[in-house]
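Please look through the sequence and the model below before reading on. The paragraphs that follow start with a sheet and then turn to a group of aromatic rings.

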Amino acid sequence: QLQLVESGGGLVQPGGSLRLSCAASEITLDRYAIGWFRQAPGKEREGVSCIDSSGEYTNYADSVKGRFTISRDNTENTVYLQMNSLKPEDTAIYYCAGMRTTLQSLCARIPRLFGSWGQGTQVTVSS
């Protein structure tokens with residue numbers, strides 16, 4: 001069973017940056033697509049970004065395109081989400097999730113496709 005642990009969340013002012021990490025233990029990530037999702041209070045879980053197992057394919061929600069960058073280092077067994085130009089509406093709990101597939105076509109920001117989830121990390125954007 002893939003176990004994922006997120007880190008890097010915190011409180012940041014509007015316009016600031018954070019880098020989230022999603023680390024796996026015991027199982028290597030090189031056959032997993034990884035997605036980042038977020039959930040704000042009272043709202044449904046939203047897909048933020050997805051990266052395929054090789055790191056060659058990525059996609060983003062329109063709300064974060066141009067501000068967030070997803071990447072992975074399979075040698076470190078870690079996936080990152082660099083978040084720049086943060087806005088108050090980015091405030092949410094951020095989760096990473098894994099899907100065992102090497103198919104780029106399955107790298108979609110749909111929560112039900114992902115079987116393994118981390119515990120989440122809080123991101124708060126406020127002045």
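Helices (H or I, at least four residues) and strands (E, at least two) are DSSP runs, numbered from the N terminus. Two strands pair if DSSP finds at least two bridges between them. The model is predicted, so local features need pLDDT of at least 70 and side-chain atom pairs count only at pLDDT 80 or more, while totals for chains, interfaces and linings use all residues. Residues are numbered from 1 along each chain as its sequence is written, and side-chain values use heavy atoms, with hydrogens and water left out.

Strand S3 covers residues 18-25, and five bridges join S1 to S3 in an antiparallel arrangement. Strands of a sheet pair through backbone hydrogen bonds, either parallel or antiparallel.

These two strands belong to an open sheet of four strands, in the order S1-S3-S8-S7, with antiparallel pairing. Strand S1 (3-7) and strand S7 (68-73) each have a single partner strand, so they stand at the edges and one side of each is left without a neighbour in the sheet. On average, neighbouring strands of this sheet are turned by 15 degrees against each other, direction ignored. For such angles, axes are lines fitted to C-alpha atoms, for helices over the stretch in contact, and angles run from 0 to 180 degrees between N-to-C directions.

Now turn to the rings. Rings of Phe, Tyr and Trp (its six-membered ring) pair if their centres lie within 6.5 Å; planes under 30 degrees apart count as stacked, over 60 as edge-to-face and the rest as tilted. By this rule there are three aromatic pairs. In one of them, the ring centres of Phe37 and Phe114 are 5.2 Å apart and the planes are at 75 degrees, so the pair is edge-to-face. Phe37 lies in strand S4 (residues 32-39) and Phe114 in the loop between strand S9 (92-100) and strand S10 (116-117), so this pair ties together parts that are 77 residues apart in sequence.

Phe37 also pairs with Trp117 in a tilted arrangement, 4.9 Å centre to centre and 45 degrees between the planes. This pair links strand S4 to strand S10, 80 residues apart.

Is Phe37 buried or exposed? Buried means under 20% relative accessible area, exposed over 50%, partly exposed in between (1.4 Å probe, protein chains only). Phe37 has 0% relative accessibility, so it counts as buried. Trp117, at 26%, is partly exposed.

Ring pairs join Phe37, Tyr95, Phe114 and Trp117 into a cluster.
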